[in-house]
Amino acid sequence: MTKKIMSKKISFADAFQELESITEWFETQNVDLDEGVKKFERGLELAKTLKEKLADVENTVITLKKKFSDLDNPQDL
Amino acid sequence: MSPAIISVSDYLGLVNHALRTIPREGMVIEGEVVEFKVSQGKWVNFDLKDEKAEAKISCFMTVFALNVPLQSGMRVHVTGTSKVFERFGKFTLNVTAIELVGEGALQKAYLALKEKLRVEGMFDVARKRQIPRFPERIGLITSGEAAAYGDFLRILRNRWSGVTVMHTPVTVQGKDAVQEILGAFAQLNALPIENRPEVIVLTRGGGSLEDLHAFNSEAVVRAVFQSAIPVVVGVGHERDESLCDFVADVRASTPSNAAERVVPDRREMVTNVAMSAERIGDRLQYEIDNRSHAIDRALSIFDRSLARLLQSMSDVTRRFGYAFERFRLSLVATVEHIDRRVQMIDSRMKVALDERSRAVMELERVLKSIDPREVLKRGYAVVRSAGKILRSARDVAPGSHLTIQLGEGEIRAQVETNAVQESLL
């Protein structure tokens, strides 16, 4: 299983899903130590990223203008 | 003065002129719907019956103007213009607006629409779509002034972060509510895919059945159903329900609950992530321990085998030592035995030799006594001819050479004569 290099861009959903799949791997496979160590390190890395993301406290609210007559042209987001 | 003569249609023209003077604004007619029917899918006819007196008005409208699910027996408020249709001579109320009144009627209409939509399969569980576990963009359709808006954002912020909320402000009740909500759905669904929210939340606070009118409107229900983006609906308090609740992909009980349903809880996720990391760590540790124990076991088995091997080697060595010692002792014993035997043989040999020596000496003495040389010494001679001892004179002829052996030395002689004498001596 090849993994892309961890970047700041990885979404919470992707990171969490990958962590879950690693957890599942550990719980359903006959763990090969070399592979296991690699996955463990990856898992820790993901957990760290997820924790950082969880430490964010901000949500952004964008108010969309009413555009009932001009629905084909919603660029003013 | 003779009366003016006018035609029927002129007269009805006067009547209808008079009818138009009845004001439309500031007045609604309340009555009960009877004989409700729709013809050709277009024309709606019913009678509006006075609830107390024997009185009724024929009513007419198009299905396009009918914005409530009407049924016979409902109490309604009707606005319209009255007219006598010349052709039929029939007084008719042209209905421009109709609204249901009384909980009973609204309830009845609500249930009728609910049943209709249910039969269409709009509430089927099978069509409910999953909302993403970690949405990054959430479309929010609600009034910006309502408590629902604040509640939703507050709970959202408490639980989760990093979300972009795309708020489309709408009025959630009143005559414009339906159009604005429909517009909001259309607007969010029309966004380019990369800007489009992953889930839409349609929410408002609680209210009466009349307040919730927009959320029970067939058009809004269909908009929720047709939205390409999954929809979470949260209306009012726990006990409130609307048709939008049933058609929603996820039904939340309140605006706050909608926030809870739409994003996970940060604290839970922190725990979850920590537990995941811990579990894989534990599992890896377990595997390492397992192998380490296996190695320990192997080593201890090896140790024990080695100890056994050393033990048995030392046993063998000891036994060999004992055996060798026994062997040595027996060797020593044998050597001593042989020594004794040799000594014994020696002594016996000596005895035997002594005995033989004495016998030999005796024999020597005897032999000496019979030695012919001893006899010769006493004056006898031995005469040989051609190497043979002569025992008779006849054995030689004269001239034969003789060898005469004496006690000391020999004589060579030649026979002169020979005669036999019986006794020479």
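Which residues in H3(B) meet which residues in H7(B)? B:Ala148, B:Asp151, B:Phe152, B:Ile155, B:Leu156 and B:Arg159 in H3(B) meet B:Pro255, B:Ser256, B:Ala258, B:Ala259 and B:Glu260 in H7(B). Here, two residues are in contact if their C-beta atoms, placed from the backbone, lie within 7 Å.

## What we're looking at

This is a predicted model, where local features need pLDDT of at least 70, side-chain atom pairs count only at pLDDT 80 or more, and totals for chains, interfaces and linings use all residues. Residues are numbered from 1 along each chain as its sequence is written, while chains are lettered from A and ligands numbered from 1 in the order in which they are written.

Chain B has nine helices and 14 strands. Helices (H or I, at least four residues) and strands (E, at least two) are DSSP runs, numbered from the N terminus. Of its 425 residues, 23% count as buried, that is, with 20 or more other C-beta atoms within 10 Å of their own, C-beta atoms being placed from the backbone (12 or fewer is exposed, in between is partly exposed). Take the chain B contacts between residues at least 6 apart in sequence: 62% of them join residues at least 24 apart.

## The H3–H7 pair

Back to those two helices of chain B. H3(B) and H7(B), residues 255–262, pack at an angle of about 35° with axes 8 Å apart. The axes are lines fitted to C-alpha atoms, for helices over the stretch in contact, and angles run from 0 to 180 degrees between N-to-C directions. Their contact residues split into seven nonpolar, one polar and three charged.

## Cores

A nonpolar core is a set of buried Ala, Val, Leu, Ile, Met, Phe, Trp, Tyr and Cys residues joined through C-beta atoms within 7 Å. The largest one has 46 residues, of which B:Ile181, B:Val201, B:Val224, B:Val232 and B:Cys244 touch the most other members. H4(B) is its top contributor, with six residues. Leaving out residues up to four places away in sequence, B:Val201 touches a set that includes B:Phe152, B:Val232, B:Ala258 and B:Val262.

A second, separate core has 17 residues, B:Leu70, B:Ala105, B:Leu106 and B:Tyr110 among them.

## Barrel and open sheet

Five strands of chain B close into a barrel in the order E1-E2-E3-E5-E4, with mixed pairing; two strands pair if DSSP finds at least two bridges between them. Neighbouring strands in this sheet are turned by 45° against each other on average, direction ignored. E1 (29–39) and E4 (75–85) of chain B run antiparallel, joined by four bridges, and B:Ile29 has B:Val78 as its bridge partner in E4(B).

Chain B also has an open, antiparallel sheet of four strands, ordered E12-E11-E13-E14. E12 (388–389) and E14 (410–414) of chain B sit at the edges with a single partner strand each, so one side of each has no neighbour in the sheet. E11(B) and E13(B) pair over three bridges, with B:Val382 opposite B:Gln405.

## Where chain B meets chain A

The contact takes 35 residues from chain B and 38 residues from chain A. On the chain B side, H3, E7, H4 and H8 each supply at least two residues, and H8(B) gives the most, with 13 residues. That side divides into 17 nonpolar, ten polar and eight charged residues.

Strands pair up across the two chains as well: E1 of chain A (residues 60–63) runs parallel to E7(B), joined by four bridges. A:Thr60 stands opposite B:Thr164 there.

Definitions and conventions: Nonpolar A, V, L, I, M, F, W, Y, C, P; charged D, E, K, R; others polar.
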